[in-house]
Amino acid sequence: MTRRCQGMSRFLLGSAVLAVCLCAFPTPGAWADVFRFGYTKGEKYRIVSQVHESVYVNGRFSHDSDILDRISVSVTDTRDGAGNHDVHYQTSERAYGSQDVYEWSEEYTSQFWRDARGVYTIDPSYFMPTVRDVPVFPEGDLKPGDSWTEPGNEVHDFRTNFGMPDPFSFPITVRYVYTGNEDRDGISCAVFTIDYEIFHHVPSAPQEAQRYPVRVAGESHQRFWWDLAGQRPLYDTEKFDFVFTLNTGDEVEFVGTSEGKLIEAAPLDRKGIAGEIQKELDQQKIPGVTVAPTPQGVTITLENVNFPPNSDELLPAEQDKLHRISEILKKYPDRDIAVTGFTARAPGYTEDDYQTLSEKRARAAARFLINDGARQAPQVTTRGMGAQNPIGDNDTEEGRRKNRRVEITILEN
């Protein structure tokens, strides 16, 4: 049981500063500033956060996790100072302290409006973002040392943990302090602290759930840096400790730290990059490799990726092929990549066999690319798809060759 990968993420940069472009408009001739969100239709951003988390069950250590959240945000419309946001969340995980690849865990989508002060208008059926109405700024001016309090809300996904089909939500009361200005990484920033404690009793048992939280207690302590010149979020850190008491009497505690940052990236020229890579492939005459623009970015497909039977060890020929792909990927260093493994169907294998083998093969390819210098580990996510999504006929050898593949996607956002 991992809090973050089960949809219980803190959603960083101000505990859910999805609103993109958090702007401070100085008041001329005054010592105080008015802080407001600002939105521009068509803006796109990425938020990347890393979480280090320990889980305890009934006071006994269960496990550690190292979790990577990638969030892509698009401002699709503006109205009366508010922005409409389409957001895609992808979480991945690896063993705490490991230098291995991150493995795909969960994906979510969400859509909501957020006004100039930071207040959400969102359908309650969405599981993300976890923390809502944080931060919310006061109506008037702020100067260093000022503090204020605003209500917020937390929402959690307990479908996997407890079989609860709907989002589990509870209110929070958030305390803010504008601590002053400081430089971070050479950038002048306004700094805020964001703190709240929780002690919430669940008023009634959720339907269709045999195990469910009856009490939530804990605390979150955050620092939030805001680029004054760029008028947008720069960085966020958090320490958290939350205990969920279940109707069975069991207690599950999540303790950890996190940090996040907002990244602005120019739109990916998918058609142009796919064309550049195709020229490289033609020049090098790499067999069984194709490239195409996709909704996620630009995908390089390696067909007939061969491993020894029931193995995830790359054969020398595949290593050579991946090395040449690695050299191509190094030309686009600022983009994260996703490595997805697929298998062909064959007699004597189960769906679990296909899934496990595809995951191992994706990891093997990703590890090779990391070791070859194509990317750092936090820039790579792996996923196994088993025998799903065949592109060839599994009743023929040619079709099976196509289905034994690895896809490497240069991600748009």
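Analyst: Helix α3 covers residues 270-284. Its 15 residues reach 21 Å from the first C-alpha to the last, close to the 21 Å expected at 1.5 Å a residue (the expected span is 1.5 Å times one less than the number of residues). Helices here are DSSP runs of H or I with at least four residues, strands are runs of E with at least two, and both are numbered from the N terminus. The model is predicted, so local features need pLDDT of at least 70 and side-chain atom pairs count only at pLDDT 80 or more, while totals for chains, interfaces and linings use all residues. Residues are numbered from 1 along each chain as its sequence is written, and side-chain values use heavy atoms, with hydrogens and water left out.

In α3, the buried residues are I273, A274, I277, E280 and L281. Buried means under 20% relative accessible area, exposed means over 50%, and partly exposed lies in between, with a 1.4 Å probe and protein chains only. Viewed down the axis of α3, the buried residues fall within an arc of 120°, so they line one face of the helix (the arc is that of the directions from the helix axis to the C-beta atoms). An α-helix has 3.6 residues a turn, so residues three or four places apart point the same way. K271, K279 and Q283 are exposed on the other side of α3.

Helix α4 can be described in the same terms. Its 14 residues reach 20 Å from first C-alpha to last, close to the 20 Å expected at 1.5 Å a residue. Buried in α4 are E318, K321, L322, I325, S326, I328 and L329. Down the axis of α4 these buried residues fall within an arc of 155°, so they too line one face of their helix. P316 and A317 are exposed on the other side of α4.

Two of the buried residues of α4, K321 and E318, form a salt bridge with a N to O distance of 3.6 Å. A salt bridge is a side-chain nitrogen of Lys or Arg within 4 Å of a carboxyl oxygen of Asp or Glu. K321 and E318 are three residues apart in α4 (residues 316-329), about one turn of the helix.

The whole structure has 23 salt bridges. Another of them joins D66 to R94 at 3.0 Å, N to O. D66 lies in strand β4 (residues 60-79) and R94 in strand β5 (residues 82-95), so the pair ties together parts that are 28 residues apart in sequence. D66 is buried at 2% relative accessible area, and R94 is buried at 11%.

R345 and E351 form a further salt bridge, with their closest N and O atoms 2.6 Å apart. R345 is partly exposed at 34% relative accessibility, and E351 is partly exposed at 46%. Elsewhere, salt bridges that share partners join R36, R117, E139 and E150 into one network.
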